[in-house]
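Hi,

Here is the structure I promised to pass on. Have a look at it first, and my notes on its salt bridges follow below.

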Amino acid sequence: MLTVSAVITAAGKNSRMRKDQEEMNIPLQNKLTLPLNNGGDSSTIIETTINNVLNTQNIDECIIVLGHYCEEILPFINNIHDDRLKIVKNDPVDVGLSVSLLNGLQNISSDIALCVTGDQPTVSTKTFNNIIETLLNSDNPHKTISVLRRIEIGKLGTALGLGMPFAGDRKELINYLKGRDDNLNPILREIFADGFEFYGVKENHPNELININHYSEYESIL
């Protein structure tokens, strides 16, 4: 049976959220540390994302990749006590998302990697399970990418607009990420062009499709 681990990237500049907070004249706070109300329990964006991933079936380990604002984010990660959780820091910190993901993938040893960004607390454990199951049940899991859909569901005819969360073969992903310092979509398009099958997985709730980059998007999920 194929083994599965997770990589959560939490190393970004937080620039769009910071700009919004400055314009609204509210205290500056990294978006990953903003509070959520989860059924009466107080938690932050990053804690909720991590817990949803850790509750996913068959996750052997979970790597958190930190970079910018590491010291602000780390105390909230330390609130979670799970032996599967490990922290990796980018050095240098000023790198693209592809470098952060590569850093995480190189620190796990599983066959399959579930790749998530730290600002995706709305993506449920059920959806993460569906992403992994879709990959594992494909004809060739090593040449398949299973991704939260953006438009189409099922076998996809394009990789345009796609990003995390997705699952793929760890070694294959490492091969495509090496030597790159970029956003993920151009790399996913290259993987698609090389003949990998892509499957779009339907969200469990409409909020799962919201990217929390701006303060208005944070407010909308509250």
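**Salt bridge notes**

Arg-180 counts as partly exposed, with a relative accessibility of 24%. Keep in mind that this is a predicted model. The side chain of Arg-180 meets that of Glu-190 in a salt bridge, at 2.8 Å from N to O. Arg-180 sits in the loop between helix 6 (170-177) and helix 7 (184-193), while Glu-190 is in helix 7, so the pair ties together parts that are 10 residues apart in sequence. Glu-190 is partly exposed too, at 33% relative accessibility.

One pairs Glu-197 with Lys-155, at 3.1 Å from N to O. Glu-197 belongs to strand 10 (residues 197-201) and Lys-155 to strand 8 (residues 154-155), so this pair links parts that are 42 residues apart in sequence. Lys-155 counts as exposed at 52% relative accessibility, whereas Glu-197 is partly exposed at 25%.

The other is between Glu-22 and Arg-18, whose closest N and O atoms are 3.9 Å apart. Both residues lie in helix 1 (residues 15-24), 4 residues apart, which is about one turn of the helix. Glu-22 is partly exposed with a relative accessible area of 49%, and Arg-18 is partly exposed at 31%.

Cheers

Conventions: Residues are numbered from 1 along each chain as its sequence is written. This is a predicted model: local features need pLDDT of at least 70, side-chain atom pairs count only at pLDDT 80 or more; totals for chains, interfaces and linings use all residues. Side-chain values use heavy atoms; hydrogens and water are left out. A salt bridge is a side-chain nitrogen of Lys or Arg within 4 Å of a carboxyl oxygen of Asp or Glu. Helices (H or I, at least four residues) and strands (E, at least two) are DSSP runs, numbered from the N terminus. Buried means under 20% relative accessible area, exposed over 50%, partly exposed in between (1.4 Å probe, protein chains only).
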